[in-house]
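Subject: A structure for you to look at

Hi there,

Here is the structure I promised to pass on.

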Amino acid sequence: GPAWAEGKKRSPDREIAVEVTLEEIFAGGTKTIPVRRSVVDPRVLPEACVGCAGAGELVFQVQLGPFTQRISGECPGCAGRGFWYQSREIDEEIEITIPQGAPDGHPIVIPGKADEQPRAQTGDLRAVLCTAPHPRFQRNGADLVMYRNISFAQLTHGLEVIVDHLDGRAIRLLVPPGEDRLQETLGGVRRVEAVQQAGLVTPMGVGQLVLILDAAGAELPQPRGYAAELLVRQRKQRFWFC
């Protein structure tokens, strides 16, 4: 009999990219995504392929020097299925669950939502999460990184920074005065401050909110003496998030 009548097979799995916001990653929860997929038209019954008589393969004769060899291969008329069928495309709304703190590229498997084939179990749909760029934060693992340009005087004299977090909170960060935490970079002077337990919540733990303060074009004052030179060399070795 025809190949499709010999038992259930499985249609290929399918993979799609789903763009998610950093707010959705931070909070977790559900999201409805539009999916276009191919389904078998139930109004048209599958028919055995005429070219291969439902076998799904053809036998070819190949001349190898003085010898003739018979080789079997996939039937091009039915792509090896052994039958013809009619399909149509439909648009569906599918709900997925986004784990809190999911990493970029995290796959979510939706069983039975790949493209259909007749007389076959439908494969799975894999929705791969892709984090969209955010206007304020960058992600570094579980940490949220925020850059802010300020003056060199603010770096040394201290300042107050208000950060609008992903969940709507306003986090108040007091940056104390001092030059001991300044770092020299290729483009100026930098200071890095961190708020613990204010990043993404992941199975490995909670990240931190990292605030990177840059004074573009500024230079560190050059102290004198051996201890001062040692401090300068030490500063130049600390390049965080460059």
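Below is what was found in it, starting with the overall picture and then moving to single residues.

Before the details, please note that this is a predicted model, in which local features need pLDDT of at least 70 and side-chain atom pairs count only at pLDDT 80 or more, while totals for chains, interfaces and linings use all residues. Residues are numbered from 1 along each chain as its sequence is written, and side-chain values use heavy atoms, with hydrogens and water left out.

**The chain as a whole**

The chain holds 3 helices and 20 strands. Helices (H or I, at least four residues) and strands (E, at least two) are DSSP runs, numbered from the N terminus. Of its 242 residues, 37% count as buried; buried means under 20% relative accessible area, exposed over 50%, and partly exposed in between, with a 1.4 Å probe and protein chains only. Contact means heavy atoms within 4.5 Å. Among contacts between residues at least 6 apart in sequence, 63% join residues at least 24 apart.

Strands count as paired if DSSP finds at least two bridges between them. Strand 2 runs parallel to strand 11 (residues 125-131), and 7 bridges join them. Within this pairing, Val18 has Leu129 of strand 11 as its bridge partner.

A second open sheet, also with mixed pairing, has 5 strands in the order 12-13-20-17-16. Here strand 12 (138-140) and strand 16 (182-184) stand at the edges with a single partner strand each, so one side of each has no neighbour in the sheet. Neighbouring strands of this sheet are turned by 30° against each other on average, direction ignored. Strand 17 and strand 20 are antiparallel and share 8 bridges; Ala194 has Val210 of strand 20 as its bridge partner.

There is also a hairpin, formed by strand 5 and strand 6 with 2 residues between them. Strand 5 (residues 57-64) and strand 6 (residues 67-74) run antiparallel and are joined by 8 bridges, with Gln63 facing Thr68 of strand 6 as its bridge partner. In the turn, Gly65 has a positive phi of about 65°.

**The nonpolar core**

A nonpolar core is a set of buried Ala, Val, Leu, Ile, Met, Phe, Trp, Tyr and Cys residues joined through side-chain atoms within 4.5 Å. The largest one has 38 residues, of which Val18, Ile33, Ile96, Leu129 and Phe137 touch the most other members. Strand 20 (residues 209-216) supplies the largest share of this core, 4 residues. Leaving aside neighbours within four places in sequence, the contacts of Phe137 include Leu22, Leu144, Val163 and Leu209.

**Some residues to look up**

Which residues does Ser11 touch, not counting those up to four places away in sequence? They are Asp115, Gln117, Ala120, Gln121, Thr122 and Gly123. Ser11 is found in the loop between strand 1 (9-10) and strand 2, and it counts as buried at 2% relative accessibility. Its side chain reaches the backbone oxygen of Asp115 at 2.9 Å.

Most residues other than glycine have a negative phi. Ala53, however, has a positive phi of about 60°. Ala53 lies in the loop between strand 4 (47-48) and strand 5 and is exposed, with a relative accessible area of 64%. Gln197 has a positive phi too, near 60°; this residue sits in the loop between strand 17 (188-195) and strand 18 (201-202) and is exposed at 56% relative accessibility.

Note on methods. Polar contact = N/O pair within 3.5 Å; in protein donor to acceptor, adjacent residues only side chain to side chain. Axes fitted to C-alpha atoms, helices over the stretch in contact; angles between N-to-C directions.
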